[in-house]
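Open the model in a viewer and keep the selection tool at hand.

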Amino acid sequence: ISIAIAVLLTIVVLSYSQGVKAYASSGGSYVFARENLGTFPALLAGAALLTDYVLTVAVSVAAGVFALTSAAPSLASHQLALALACVVVLTVGNLRGVRESGLLFAFPTYGFIVMLYLTLGIGVTKCAVGSCPVADVHHPLVAGTGTITVFALLKAFSSGAAALTGVESISNGVTAFRRPQAQNAARTLYAMGAIAITLFIATSWLAVQMHARPSSTESVLSQIARGSFPAGSPGSVGYYLVQAFTLAILVLAANTSYQGFPRLAALLSHDRFLPSQFVNLGDRLAYSNGILVLAGLATGLLIAFRANVNSLIHLYVIGVFTAFTLAQAGMVRHWHKTQEPGWRRRAALNALGAATTALVTAIVVATKFLDGAWMVIVAMPVLIL
């Protein structure tokens, strides 16, 4: 399943990079669909992305707090309060005009990448020399019994496909890059894809080797980090660094939505599909109304699901894969219209991407519908209306 998800991520990254180069403007899937497929597909892509942005805040913040409570179990009873506090901090910061730049954002990102590669490197080395740690799993979630059915495998694949969310955020914010914007955005997309795939495959392999299991009180990544940096060893501080950087980078993942949601809402407002108030800039030149609406919706989700990642994850993915499919189908149409040199090869790559993500969307809807995905399927038509 992990290898299939890695292949899927490769296809989507290569396919999306073509769209980024062709449209050096923010808006991503909405713009790709609007320019090539028409109004309704564009609104469907816009609704899917807006839904995904709200879920990104809720899921990322809940997962970040879970990383914190995995390291400090005494805070577990305050999970919801901590998640809401994170949303408040993000909202206030963005209303005050905090930008995704400088040491504030770079340090947690590079720190997380370095610490996770170190954790996985130590874990893989221990397993390679025959001293593979065994995860100590407290409060494991109930596993299924009997044979693993095709449905169970597809459901696991649907959950794992959450690894692809974030690819769209680069195409939605191309104008935030330095010049040449399209080339820099594409390079960032390639780097992000390479990092995500290697970390994902290594984490999946180690989780199997260490017998790590989903738990209601500790994340799988926390279990792997404990194996690489066992308590009482000289490197035990490494475990706490991994958890701290995991919390930080998940909060930054939520912050990506605070950049993307208001921009997309302003674009939809400019096209007269959302109220004109979404175009208004606050005194710090931020789309204040979009920021407040995003915060309100994410807060509602966190309260409704008690900031539980295992519950929220079922709502995730549908929006982003719907947007993936429409964006890439739009790019196929774009290449047919422009017929630039090499257009057939580019159209074929985007067509492969569209077909693959459409299949994944169907799998996610079928396997997650009763687990809460129906809420997203209802929300998107309401937003379009």
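**Charged pairs**

Select arginine 226 and glutamate 218: their side chains meet in a salt bridge, 2.7 Å from N to O. A salt bridge here is a side-chain nitrogen of Lys or Arg within 4 Å of a carboxyl oxygen of Asp or Glu. The model is predicted, so local features need pLDDT of at least 70 and side-chain atom pairs count only at pLDDT 80 or more, while totals for chains, interfaces and linings use all residues. Residues are numbered from 1 along each chain as its sequence is written, and side-chain values use heavy atoms, with hydrogens and water left out.

Colour the pair by accessibility. Is glutamate 218 buried or exposed? Glutamate 218 counts as buried at 6% relative accessibility, whereas arginine 226 is partly exposed at 32%. The classes are buried for under 20% relative accessible area, exposed for over 50%, and partly exposed in between, computed with a 1.4 Å probe on protein chains only.

Next, select lysine 155 and aspartate 371. They form a salt bridge with the closest N and O atoms 2.6 Å apart. This pair links distant parts of the chain, 216 residues apart: lysine 155 sits in helix α6 (residues 150–160), and aspartate 371 in the loop between α14 (343–368) and α15 (373–384). Helices are DSSP runs (H or I, at least four residues), numbered from the N terminus. Lysine 155 is partly exposed at 25%, and aspartate 371 is partly exposed at 29%.

Move to glutamate 340 and arginine 346, another salt bridge, with the closest N and O atoms 3.5 Å apart. Glutamate 340 is partly exposed, with a relative accessible area of 33%; arginine 346 is also partly exposed, at 23%.

**Nonpolar cores**

Which residues touch the most other members of the largest nonpolar core? Select Val61, Leu302 and Phe321; the core has 84 residues. A nonpolar core is a set of buried Ala, Val, Leu, Ile, Met, Phe, Trp, Tyr and Cys residues joined through side-chain atoms within 4.5 Å. Show helix α3 (residues 39–71), which gives the most to this core, with 18 residues.

Another core, of 20 residues, lies apart from the largest one; among its members are Ile113, Cys127, Leu199 and Ala225.

Finish at phenylalanine 321. Leaving out residues up to four places away in sequence, phenylalanine 321 touches Leu8, Ala161, Leu164, Thr357, Val360 and Thr361, where contact means heavy atoms within 4.5 Å.

Conventions: Helix = DSSP H or I, 4+ residues; strand = E, 2+ residues; numbered from the N terminus.
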